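Open the model in your viewer and keep the selection panel to hand. Each stop below says what to select and what is there.

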Amino acid sequence: MTVFVLGGAQTDFARNFTKEGRGLLELFAEVVPAALTDAGVSAEDVEVAHVGNLAAELFTGQAQLGGLLVAAVPELDGVPSTRHEAACASGSTAVLAACADLEAGRYDVALVVGVELMRNVDGQRAAEHLGSAAWAGHEAVAAKFPWPALFADVASAYDARYGLDPGPLGRFASHAFDRAALNPLAQARDWRFPAGAFGPDDELNPVIEGSLRKQDCGRITDGAAAVVLASPAFAERLGGGFPRIAGFGHRTAHIGLAPKIAPDGEYLFPHLRGAVTDAYRRAGVPGPDALDVVELHDCFTITGLVALEHLGVAPPGGGGRFIDDGGLDAAGVNPGGGLIGLGHPVGATGVRMLRDAARQVSGTAGETQVGGARTALTLNVGGSFTTVVTMVVTA
């Protein structure tokens with residue numbers, strides 16, 4: 001795989017665009033020019049565009065986001081575009097489609113934008129809209145908050161298989177907010193928590209669904225991220241030396257949670273492990289020890305714990321000890337705060353992960369930089385691990 005990341009941008013995930021009187025159009029209009037500038041190209045260089053988004057129709061009533069992109073950036077008029085939806089992995093599937101275009105030789109420069117506006121409705125309505133990515137009418141039907149309920153079921157399945165100590169989950173969340181405090185674009189960079197906020201205190205950390213508490217859960221976020229990708233020939237014309245997407249894994253399983261959980265065997269989600277090993281194989285990476293940075297999908301703390309084990313940085317059932325032993329920092333996990341600390345505008349997350357991975361391996365990640373980073377991996381999941389996309393990014 002030979003696709004280069006020329007540059008990118010993200011919006012400030014702490015902002016509430018509706019309160020500012022802004023919407024999807026303004027998200028596009030802000031992030032795309034910033035990404036083009038960072039990449040050192042103009043809108044006229046872009047030959048194809050891909051947009052990742054989950055639920056603009058539900059949150060805003062707006063479809064046809066490729067046309068909205070042109071409305072926001074008129075210089076892109078005439079550029080072919082496609083919108084991609086794979087729940088929280090929408091942005092990553094948009095990236096993979098752009099990579100396929102470049103590798104096929106159709107184009108030399110591709111723009112990928114991920115966008116989601118979710119804070120224009122109340123929390124309950126937002127939870128209902130996001131629940132559309134679960135198996136509608138078949139699961140979480142009685143839950144007030146569908147996704148916390150489903151990932152509480154993941155926690156229950158993990159507990160039944162290995163035993164689950166909630167302590168490391170609280171420490172995972174605390175780590176996310178500590179890292180977010182260093183990130184000038186993180187949603188939670190200014191948040192502060194009293195002692196006991198990551199433990200079983202029902203007032204400081206109330207139960208949301210099942211065993212999951214408030215700090216176990218990612219928050220509703222507005223935001224956009226964009227990257228500019230290029231063929232080897234175009235990257236060379238700009239002088240070369242850009243980060244490269246060296247390999248990927250992409251697998252999709254049953255939309256329902258229960259059919260995906262393996263009743264036995266080493267891993268709870270064999271297809272998740274398969275996507276990871278596909279990426280290692282395609283990138284020529286021997287395994288997790290070769291990674292300097294991991295941009296890990298942690299919409300909930302239990303998601304992060306399960307993902308760590310499927311990456312191979314901890315053995316199955318050993319994720320809690322890995323966290324307690326300081327493994328998150330040692331392995332370069334979510335140096336910018338992850339979804340819990342940085343924020344999770346659903347359609348933008350996979351694109352943001354790639355942008356941050358590229359910044360890490362090029363040594364331009366600022367206060368969140370992992371020293372000496374040369375190889376990074378992104379792991380982005382949609383739904384209850386239904387869609388899994390992982391990419392290896394190298395210097």
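Select residues 3–128, which an unreviewed UniProt entry annotates as "domain: Thiolase N-terminal". UniProt annotations may be inferred rather than shown by experiment. Over residues 3–128 the chain is 39% helix and 20% strand, with helices (H or I, at least four residues) and strands (E, at least two) taken as DSSP runs. The end C-alpha atoms are 37 Å apart.

The model is predicted: local features need pLDDT of at least 70, side-chain atom pairs count only at pLDDT 80 or more, and totals for chains, interfaces and linings use all residues. Residues are numbered from 1 along each chain, and side-chain values use heavy atoms, without hydrogens and water.

Next, helix α3, residues 65–72. Its buried residues (under 20% relative accessible area, 1.4 Å probe, protein chains only) are Leu65, Gly66, Leu68, Leu69 and Ala72. They lie on the same side of α3, because they cover an arc of only 160° around the axis, taken from the directions from the helix axis to the C-beta atoms. They pack against α1 (24–39), β2 (48–52), α2 (56–60), β3 (81–84) and β4 (109–116); contact means heavy atoms within 4.5 Å.

Now show the largest nonpolar core, with 66 residues. A core is a set of buried Ala, Val, Leu, Ile, Met, Phe, Trp, Tyr and Cys residues joined through side-chain atoms within 4.5 Å. Phe151, Leu296, Ile302 and Leu379 have the most contacts inside it. Helix α6 (residues 146–162) gives the most to this core, seven residues. Apart from it lies another core, of 37 residues, including Leu27 and Val228.

Notes. Buried < 20%, exposed > 50% of the residue type's maximum accessible area, 1.4 Å probe, protein only.
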